[in-house]
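User: Hey, I've got a protein model open and I'm new to this. Can you walk me through what to look at?
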Amino acid sequence: MTAPQPRFEAPWHARVFALTVALNEAGHFAWVDWAEAFGATLKAHGQVAALDGGDDYFYAWLDTLEHLLTRSGMADAEAIRTMVARWRAAYRDTPHGMPVTIS
């Protein structure tokens, strides 16, 4: 009998989850530090709006990951903001049904 596999509502949920696990397994942060930071992010996000466990949960997950990466020096906050802006523009400018890419 195999263990049940996690189910994700969107592909990006699985990707950010897998990236976080891989970074933890590579020793870039301890899971206890992740859990503490993620709990604080969930609490902050929950004060703004009720969380339903879908995209809002994974936006909190992503915010936490970005925070840990910038705090550790693995990523630059400005570079993250620039990349987010580029992806948003690409998503906005891509015709429906076409793959979204950035140049």
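User: Which residues of helix 3 are buried?
Analyst: The buried residues there are Asp-56, Phe-58, Ala-60, Trp-61, Thr-64, Leu-65, Leu-68 and Leu-69. Buried means under 20% relative accessible area, exposed is over 50%, and partly exposed is in between (1.4 Å probe, protein chains only). Keep in mind that this is a predicted model: local features need pLDDT of at least 70, side-chain atom pairs count only at pLDDT 80 or more, and totals for chains, interfaces and linings use all residues. Residues are numbered from 1 along each chain as its sequence is written, and side-chain values use heavy atoms, with hydrogens and water left out.

User: Why do residues three or four places apart point the same way in an α-helix?
Analyst: An α-helix has 3.6 residues a turn, so residues with that spacing end up facing the same way.

User: What span should helix 3 have, and what does the model give?
Analyst: Helix 3 covers residues 55-72, and its 18 residues should span 26 Å at 1.5 Å a residue; the end C-alpha atoms are 25 Å apart, which agrees. The expected span is 1.5 Å times one less than the number of residues.

User: What comes just after helix 3?
Analyst: Gly-73 does, and it takes a positive phi of about 85 degrees.

User: Zooming out, how many helices and strands are there?
Analyst: The chain has four helices and zero strands, so helices (H or I, at least four residues) and strands (E, at least two) are DSSP runs here, numbered from the N terminus. In sequence order the pattern reads α-α-α-α.

User: Which residues make up the largest nonpolar core?
Analyst: There are twelve: Val-16, Leu-23, Phe-29, Trp-34, Ala-37, Phe-38, Phe-58, Ala-60, Trp-61, Leu-65, Leu-68 and Leu-69. A nonpolar core is a set of buried Ala, Val, Leu, Ile, Met, Phe, Trp, Tyr and Cys residues joined through side-chain atoms within 4.5 Å.

User: What about Phe-38, buried or exposed?
Analyst: Phe-38 counts as buried because its relative accessibility is 7%. Phe-38 sits in helix 2 and, leaving aside neighbours within four places in sequence, is in contact (heavy atoms within 4.5 Å) with Tyr-57, Ala-60, Trp-61 and Thr-64.

User: And how about Thr-20, buried or exposed?
Analyst: Thr-20 is buried, with a relative accessible area of 0%. Thr-20 belongs to helix 1, and apart from neighbours within four places in sequence it is in contact with Phe-29, Trp-31, Trp-34, Trp-61 and Leu-65.

User: Last one: how much of the chain is buried?
Analyst: Buried residues make up 22% of the 103 residues in the chain. The C-alpha atoms fill a box of roughly 40 × 40 × 30 Å, taken along the principal axes.
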